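Subject: Handing over the structure

Hi,

Here is the structure I promised to pass on. Have a look at it first, and then read my notes below.

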Amino acid sequence: MKDFGIHAGLSRRRFLQAGAGAMALGFVAPGIVRAQDGTLIRISDTTALHEMSIYALPETMAQGYSVEFLNLGASGTSMLAALLNSMCDSISSANSYLVTALSQGASITPICGLAGRGQAIVATEASGIKTLEDLRGKKLTTKPMTSAHVMMQVALKAVGIDPLKDVEIIDFGQPAGFTLMLEGGQADAGQVWEPFASIAASKPGLFKLELDRFFDVTWKTHSSLYVPQALVDEKPDTVRALVAANVAAIDVIKNDRSKFSAIATNRVGQPPEILDDAMNNCDPRPEMDATVFYKMAEEMASLGMVDKDYAPELEGKINYTFLSEVTGRTPEQLGFVSYADYKDGKRASFEG
Amino acid sequence: MSVTFDNISKIYQSPRAAARTVALENVSLDLAEGELVVLLGPSGCGKTTLLKLLAGFEFPTSGRVLVDGKPVPKPGPDRGTIFQAPTLFPWLTALDNVLYGPRVNGLSDKQMRQKALDVLASVGLTGFEEHLPHNLSGGMQQRVAIARVLINEPRILLADEPFAALDEYTRRAMQQLFLKVARKPGRTLLFVTHSIEEAVYLADRIVIMSPRPGRIQEIIDVPMPHPRERSSRDFLDMMGRVYDQVGHHVELDVA
Amino acid sequence: MQMGMKLDASAEAPGTAPASGATIAPAGGAGAFGRLLSQSAYALVPLALLLLWFVSDFLRPPGFSFLPTFRAVLDTLGDWMFNTTDGKYFYSGKWWLDVVWSLIRVFGGLVVGSALAVLVGLGTLLFPFTEKIVDPIVQMLRPVPKTAFLPFAILLFGLGNGPALFITIYGVFLIVYVQVVMSIKLVPVDFRRAAQMLGASDAKVLTSVVLPYALPGISAGIRVGASYAWLVLILAEMLAVREGLGYTLWNAYEFMRMDVVVAAMIVIGVFGFLTDRAIVLIMRRHFSWAEEIAQAEV
């Protein structure tokens, strides 16, 4: 660059080199950091407390496998896209997710349950609501097109309220918006998953509404771990290892409360005092209640979330094989119910 | 190096207005090797246009500009140009400005640095090599401009009213300097000015041009030897002769 | 008697007095302190705001209940930087990692985006028709929010630094490109002619004359681009990455840790300021000549 006649040429080139170096570092470094031994299982981050057994996976995962968490945001669409584009191996999500995926022609498979409960309807004292029946005619906030919405609709119907005519549904946008809308009086009540339900209920004037009854009239298991069907076909050992590790992880957070607390506090950033309530409202368990899947599919169809009732197609799509191997229980014990039996009114065996 | 303007016409067509300016119409002129020719005339007579055509900054609408029988290519160091504004590169020191030409032509600093210092010395700027242009006076900047052109040893040197923006005293000093350093055996010089005194002081031949359309009105030989006394009889007579020629242009057209 | 003036250069020189107003401090201790004082004046307003905030901890004016207290943010910042809670929260002790990654992404994006902008901008001078191609595309893309491209970027580059870098480069390019083209066009034609006349090829004219002349304007463009790069990066760190100032900010926002959000905002602001200062420092030699000319008295 000497013919430039400007010494500046040198500093420009250095600047460019610095930038190129920074970029190269940025692209290469994660690969270096990630170079652990064994098969890598990439799991999407979650914001739902009852799904947070996944954060115990690094400890319970067998030798020869490692876990990496990915930030895919909170949108189900981006998670599905990541799953189908092989950017992600597994996600944790509500049982409604199987239906959503099917309606988009995607083939994903629930392989292990995560937890029950983990949701709540939160109401404001100012609205005068005291029972589920009092929700009639009120302004309710939730995230439309999610399982929270579906579950709330089921609860409303169970107490004789028409979810399409007797209430007004408002979208809370970001989970932070849930608390803000209730505090600000823009909604009288709403449904959201933990820990946001507890964060909201910790504010003065807000409380959780008839929690036990709420689960009685809706359902008791809620979320599952999903993998692409392709992964089941091509790498069953990996899937088995994931299921085994997850069952162990569920045990950990179920039995070791301080461990669950540490995980939750770290992920959520809220202190254990606030998360205590949230953790009490979670029921970590590996069962997958097939009837919940069927019911979700029917509700989603009636809500117009999907183009048709996918319930009849779900029976073979829930994979109990690995779970059964790992736990030594039969699929029926783990929640399998055929579609025909479901229509006859049969419920999962552990529901009693 | 012979220079020939062969029946040059230059017409500017303004895209916005319908205005059509005939800057030069059928101008022919030969420059002999080694002579200092001054183009003299009021604004709009085409003198600067003629210079730009030789420099390669513009192209003739019709006719040809020939150097040694070949049409003039794009601008280059063989036709060094000194502009009315010094146009030095403001981020470069005087020395770097002078070294710009050699560097850009691939010559090494080791070879050329001493030569650059010498050229700057010849224009009287020793000690100012590391100055940035804006820390030099107008006259000094023009001296750097002369130096940076001279270091390339052009066969043709063009000057477009280079001293017009300077004060009287500086201008006279610069004219002397110009004669001292710019003239060289074999180098043809084309100097544009509107100052009759400057023309008479410098020129071997004065080409008097007139405007609308731009053309050559008269060519006057100035056989006086250098250095020329500005107050001498011969000098003043010559000025008178030139003045007679341009006289009727002096009154402004206030039509 | 010779009428001509002696060529006494020293009589003409206006001297090398620095242009008035230029910040060239006199040598010596007093000057250095004075400079420090004048530089620290920059911190006056931010300090005053901090003081106001600290006072509001005690006054708690109505309507400001959502604002985390000054001390809460300070505590959180301490945990974020030095892990005072023994790894309790996702951000505990992670400050250094967050800063380094965000800096890498911002500077990578800034440098590459600016370099590309200069290259393409110079290219439009060499090949004028390219401007007709590039310009409409740039103008159409500018109003579209850059983060809208995030999902596509993720699909293209996968998870990790790719999307953030891409979006940053892209955002910086759009801003700096416009400034480059404008600055280049403002180069007086006589400079290019002078360069040509001295023997420079078309490309050499661009790199040795046009670019240096346009650098002051381009530097200004890069400064704007830098602040935009931070903005865009923080948004882009919403997805695909698990470290970075933006990631921490959005994660905290999700779970309503407003003290973390405010701490992140402050840190981002400080680094944005430092980035700008760094650019000025690096580019100073490229535009100081223009400043001196502008400030010189006629």
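Let me start with chain C. Of its 298 residues, 40% are buried, where buried means 20 or more other C-beta atoms within 10 Å of a residue's own, exposed means 12 or fewer, partly exposed is in between, and C-beta atoms are placed from the backbone.

Before going further, some housekeeping. The model is predicted, so local features need pLDDT of at least 70 and side-chain atom pairs count only at pLDDT 80 or more, while totals for chains, interfaces and linings use all residues. Residues are numbered from 1 along each chain as its sequence is written, and chains are lettered from A and ligands numbered from 1 in the order in which they are written.

Back to chain C: it has twelve helices and zero strands. (Helices are DSSP runs of H or I with at least four residues, strands are runs of E with at least two, and both are numbered from the N terminus.) Take the contacts in chain C between residues at least 6 apart in sequence: 69% of them join residues at least 24 apart. A contact here means that the C-beta atoms of two residues, placed from the backbone, lie within 7 Å.

One helix pair in chain C is worth a look. The axes of α5(C) (residues 95-126) and α11(C) (residues 245-254) come within 7 Å and cross at roughly 120 degrees. That makes the two helices oblique to each other. (Axes are lines fitted to C-alpha atoms, for helices over the stretch in contact, and angles run from 0 to 180 degrees between N-to-C directions; under 35 counts as roughly parallel, over 145 as roughly antiparallel, 65 to 115 as roughly perpendicular and the rest as oblique.) Asp98(C), Val99(C) and Ser102(C) on α5(C) meet Leu245(C), Gly246(C) and Thr248(C) on α11(C).

Next, how chain C meets chain A: 38 residues of chain C are in contact with 36 residues of chain A. On the chain C side, α5(C) gives the largest share, seven residues. That side divides into 24 nonpolar, eight polar and six charged residues. (Ala, Val, Leu, Ile, Met, Phe, Trp, Tyr, Cys and Pro count as nonpolar, Asp, Glu, Lys and Arg as charged, and the others, Gly among them, as polar.)

Now chain B, which has seven helices and ten strands. Its radius of gyration is 19 Å, close to the 18 Å that the globule rule gives for 255 residues, so chain B is as compact as a globular protein of that length. (The radius is taken over C-alpha atoms, and the rule is 2.2 Å times the number of residues to the power 0.38.) Buried residues make up 48% of chain B.

The contact between chains B and C takes 37 residues from chain B and 26 from chain C. On the chain B side, α5(B) supplies the largest share, five residues.

Arg187(B) is partly exposed, with 19 other C-beta atoms within 10 Å. Leaving out residues up to four places away in sequence, Arg187(B) touches Gly34(B), Pro154(B), Arg155(B) and Leu157(B).

Cheers
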